[in-house]
Amino acid sequence: MKRTLLSVLLAALALMRVAAQPFPDGSTVLFDTQSSPAPYRIPAIVALPGGTLLALSDYRPCGADIGYGHVDIVGRRSDDNGRTWSDIFPVAAGDGRDDSDTCGYGDAAAVVDRKSGRILVLCCTARKGATCWTAAQRGAIVRSADGGRTWDKPVDIKDAVMRLLPADRVNYFAGSGKLCQSRRVKVGRYYRVYAAIWTTNGRGGDGLTDYVIYTDDFGNTWHLLGARDVRPVPGGDEPKVEELPDGSVVLNGRKPHGRYYNIFRYTDVRRGTGNWGEAVASDRCTGGIAYGRNSTNGELLVVPARRTADNRRVRLALQSVPTGDGRDSVSIYFKEVSAADCASPERFASHWSAPFLITPAASAYSTMALQADGRIAFFYEDGARGVWYDMVYLPLALEQITRGAYRPVRRKAGKTARATR
């Protein structure tokens, strides 16, 4: 009888601990909306050399998206692979004036240059009423030369980007989360940086198109990847971009029930010319990523890995996204990337793993970066406490995500990027 009572008490205590901590084991709430006077949203995270992480988020005094009032981009740093974090600091602060084009800054997409450690962030900037469907919304970059400790004044690049696009486009913004720096392409001082952008002609549906722009000088000038009259992902919503092992570029757009994928293959790397394939929907591909009705921003990340079965070194693609009918059950899919996958959007979109569940709770946008210690820095929006949303960091082992099928590649100190083209 005493053992039974003891068992009941232990079970009750365990349930109390679960109720008190609704987030996954090992996670850290970096931006706490529950105790904040204004909500946080939109995760971005980058890994710097030496174990430093930089996490960014919108802070929204206006309570809503950029274009509805005052929004700031804020950050936190960790210098020990996510064990401890700094206090919150400003990255790009809106002035809060409703009639100002810099009333707010939001929707950060970030990258760190692997050689210099400089950080580049693309974001939106807007006065009140200048939503993403209007030409009045602007776009900007903001940079840091000291690992995110201090930040330059934001620079407006809206007109420079719009000149690259077809004349019927009225606005663009970069898909929030991460930008992609090439491991292979270097023209001048920097390795090429890609940004996936959403564009609109003022209407939804087929009026949307996702493109990729790139910079070879870390944001000073921008170019369109592919021909101006080609629509890489017609109807695509918030997009992400990643480089494949052969140097081709995969564009990934949000949609209900799955993802859009298309691949750009170079004919002249230095000039940035080549051809897009035909966009495919993953839920219509054999073994492709398919889930509920939700359409939500996720992340695509390609990392080096070793196959546990034979210790062979491979490239592994990770795709995060909520899997419920609503914004819940954020998960990560994975697949080993072959040469054939790099050549065909349909092949790339086919034969993914079953999802690895992060949380069954309400959850939305997510992003990832490869930490210096080989773990995946997973940063996402978690609504488990009934707020919209807490911003949660969770370091994950590759073995955990892949159920033991793959493990990280241990990098030698000081190892540099692959040969340039």
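Lys255 and Asp283 join their side chains in a salt bridge, 2.9 Å from N to O (a side-chain nitrogen of Lys or Arg within 4 Å of a carboxyl oxygen of Asp or Glu). Lys255 sits in strand S18 (residues 249-255) and Asp283 in the loop between strand S21 (280-281) and strand S22 (299-307), so the bridge ties parts 28 residues apart in sequence. This is a predicted model: local features need pLDDT of at least 70, side-chain atom pairs count only at pLDDT 80 or more, and totals for chains, interfaces and linings use all residues. Residues are numbered from 1 along each chain as its sequence is written, and side-chain values use heavy atoms, without hydrogens and water.

**Burial**
- Lys255 counts as buried because its relative accessibility is 10% (buried is under 20% relative accessible area, exposed over 50%, partly exposed in between; 1.4 Å probe, protein chains only).
- Asp283, at 28%, counts as partly exposed.
- Of the 421 residues in the protein chain, 59% are buried.

**Other salt bridges**
- The structure holds 27 salt bridges.
- Glu243 and Arg183 pair at 3.8 Å, N to O. Glu243 is in strand S17 (residues 239-243) and Arg183 in strand S12 (residues 180-186), 60 residues apart. Both Glu243 and Arg183 are buried.
- Arg192 and Asp216 pair with their closest N and O atoms 2.7 Å apart. Both are buried.

**Fold**
- The protein chain has five helices and 29 strands (DSSP runs: helices H or I, at least four residues; strands E, at least two).
- Its C-alpha trace spans about 80 × 55 × 45 Å along the principal axes.
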